[in-house]
Amino acid sequence: MSIYPRGFLWGSATSSHQVEGNTNNDWTVWEKTIADLYSKTPHYSYNPKYVSSYIKTEKTKKDNFLSGKASDHYNLYKKDIDLLKSLGQNSYRFSIEWSRVQPKEGEFNEEALKHYRDVITYCKGNNIEPIVTLWHFTNPVWIAQIGGWENTQTVDYFLKYAKKVVEYLGTEVKYWITINEPEVYSADCYLAGNKLVQKKNFYSYNKVLFNLLKAHKASYLLIKHLDNNSLVSIAKHFTYFHLRDPLNYTDRVIKRGLDWFQNYRILNSIENYCDFLGINFYFTIEIGSPKKVSNYISIGPRVFLDNTSRYSDLGWPLFPENIYKVLINLKRYNKPILIAENGLADVEDKHRKWFLQKTFISLEKSIEAGVNLIGYIHWSLLDNFEWSDGFGPRFGLIEVNYKTQERRIRPSAYYYSKYIKDNITI
Ligand code: BGC
């Protein structure tokens, strides 16, 4: 008998700008300004030493930095949901593109709203639970023009948009995710300065983070007011900080500080505004003095990207088993937990099956240990546009041929499908 609770959500995710194609938002504008430069001078957010040669080659092509038609999911959504269903998944996380719904201030586009209602109806008609994200990193151009999330007015505009969407889609949606990874967006765009507005300003970063969290809290209350039966959360990126030597006092202090900054201060601030915790897990960061410093990538004194035998194509060290420790740490909030994203860039599908196997063993262990886990959503359903890294990284359970828009299911997706089949409890 399976250990997973009845109604467990097994699925995969996408976000509008990354898959839909033909979007017109602030990222579309930004891409055009950097495509030339980024294809001539490769930009790496992590350790280029472990980045695959495939990605390195893809990064030299200018078109890869322009989202363009992306995976044409706006038109092909039925086909993609059919594929998701054929893989035995029972839920689909996707996002609504604010710039389509509200291309101009005060103007709501009925056709776009209808499109998203059609997507939801199609999911429901196929017994797929839609998990709907309201904001996944993109803003309408007019919002960017008033200063984006640095401007407190954006919170009010977001609420008007959220109200319209939630009223329009009615009670068809049970699971809402308001804001995706506020801390990643604010840190990447306003602190590290490697995406979109490219600022390196602590004040702006704080303001943006504050406003995004404010938008989450206010939209949580709004959605609950409109439909008290809905279940609402944020999607929080959780970084696992691993202690090389758990007894080392200095390292424990560093871990506490980083954990607070990166994870808990955000979760603490929104814990009363979440019916469940949506968690995105990708990263383990090691604290302590590595045995052979040369093999490690230092990202701060005594803080390293650990050395391992497995890396994703983007050069991210893979420690899927640590999802167990993340989940155990989150027990303190006493809330149901949804893994809202978890995955890797792997064009050859070399590690994905292993990654899923390790993940599932850890999920089972965590449920045994009393974690109230309600679902696992893999990132991603489809290959897609990976923001400033462009089309190189291939996160999909389903491969997309961007020239022909053909889909091909990767072998690891069949493994996931078999695992679901063996573990589904209706
Ligand atoms: C984001 C996705 C992104 C994925 C892989 C997450 O942080 O929500 O949009 O594609 O990570 O980098």
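Tutor: Happy to. Four cavities of 30 Å³ or more turn up, where a cavity is a set of points on a 1 Å grid over the protein atoms alone at which a 1.4 Å probe fits but cannot get out. A volume is the space filled by probe spheres set on the points, which are joined across faces, edges and corners. Keep in mind that this is a predicted model, in which local features need pLDDT of at least 70 and side-chain atom pairs count only at pLDDT 80 or more, while totals for chains, interfaces and linings use all residues. Residues are numbered from 1 along each chain as its sequence is written, and side-chain values use heavy atoms, with hydrogens and water left out.

Let's begin with the largest cavity, whose volume is about 80 Å³. Its lining (residues with an atom within 4 Å of a point) has 14 members, and those nearest the centre are Glu20, His73, Phe94, Ser95 and Tyr116. At least two lining residues come from each of helix H1 (16-19), helix H4 (73-86), strand S2 (91-95) and helix H6 (110-125); helices (H or I, at least four residues) and strands (E, at least two) are DSSP runs numbered from the N terminus. Seven of the lining residues are nonpolar, six are polar and one is charged. In this scheme Ala, Val, Leu, Ile, Met, Phe, Trp, Tyr, Cys and Pro are nonpolar, Asp, Glu, Lys and Arg are charged, and the others, Gly among them, are polar.

The second largest cavity holds about 50 Å³. Around this space you will find Tyr44, Ser45, Tyr46, Val51, Ile55, Lys59, Leu314, Trp316 and Asp389. By class, that lining comes to six nonpolar residues, one polar and two charged.

Now for the open spaces. A pocket is an open set of points with protein on both sides within 12 Å along at least five of seven lines. The largest pocket contains about 1100 Å³ of space. Tyr46, Val184, Asp188, His237 and Gln262 are the closest to its centre among 42 lining residues. Two or more residues of this lining come from each of helix H9 (182-190), strand S5 (231-243), helix H11 (249-270), strand S6 (277-287), strand S7 (297-300) and strand S8 (303-305). The class count here is 22 nonpolar, 12 polar and eight charged.

Of its 17 lining residues, Asp63, Asn64, Phe391, Tyr402 and Lys403 lie nearest the centre. Helix H3 (53-58) and strand S11 (398-401) each contribute at least two residues, and S11 gives the most, with three. Six nonpolar, five polar and six charged residues make up this lining.

Helix H13 (residues 352-368) packs against helix H14 (residues 411-423) at an angle of about 25 degrees, and their axes are 8 Å apart. Because angles under 35 degrees count as roughly parallel, H13 is roughly parallel to H14. The axes here are lines fitted to C-alpha atoms over the stretch in contact, and angles run from 0 to 180 degrees between N-to-C directions. On the H13 side, the contact (heavy atoms within 4.5 Å) uses Arg352, Lys353, Leu356, Gln357, Phe360 and Glu364, and H14 brings Ser412, Tyr415, Tyr416 and Tyr419. These contact residues divide into five nonpolar, two polar and three charged.

H13 has another partner: the axes of helix H12 (residues 323-330) and H13 come within 8 Å and cross at roughly 30 degrees. That angle makes H12 roughly parallel to H13 as well. From H12, the contact is made by Ile323, Tyr324 and Leu327, and from H13 by Thr359, Ser362, Leu363, Lys365 and Ser366. Four of these residues are nonpolar, three are polar and one is charged.

Notes. Angles under 35 degrees count as roughly parallel, over 145 as roughly antiparallel, 65 to 115 as roughly perpendicular and the rest as oblique.
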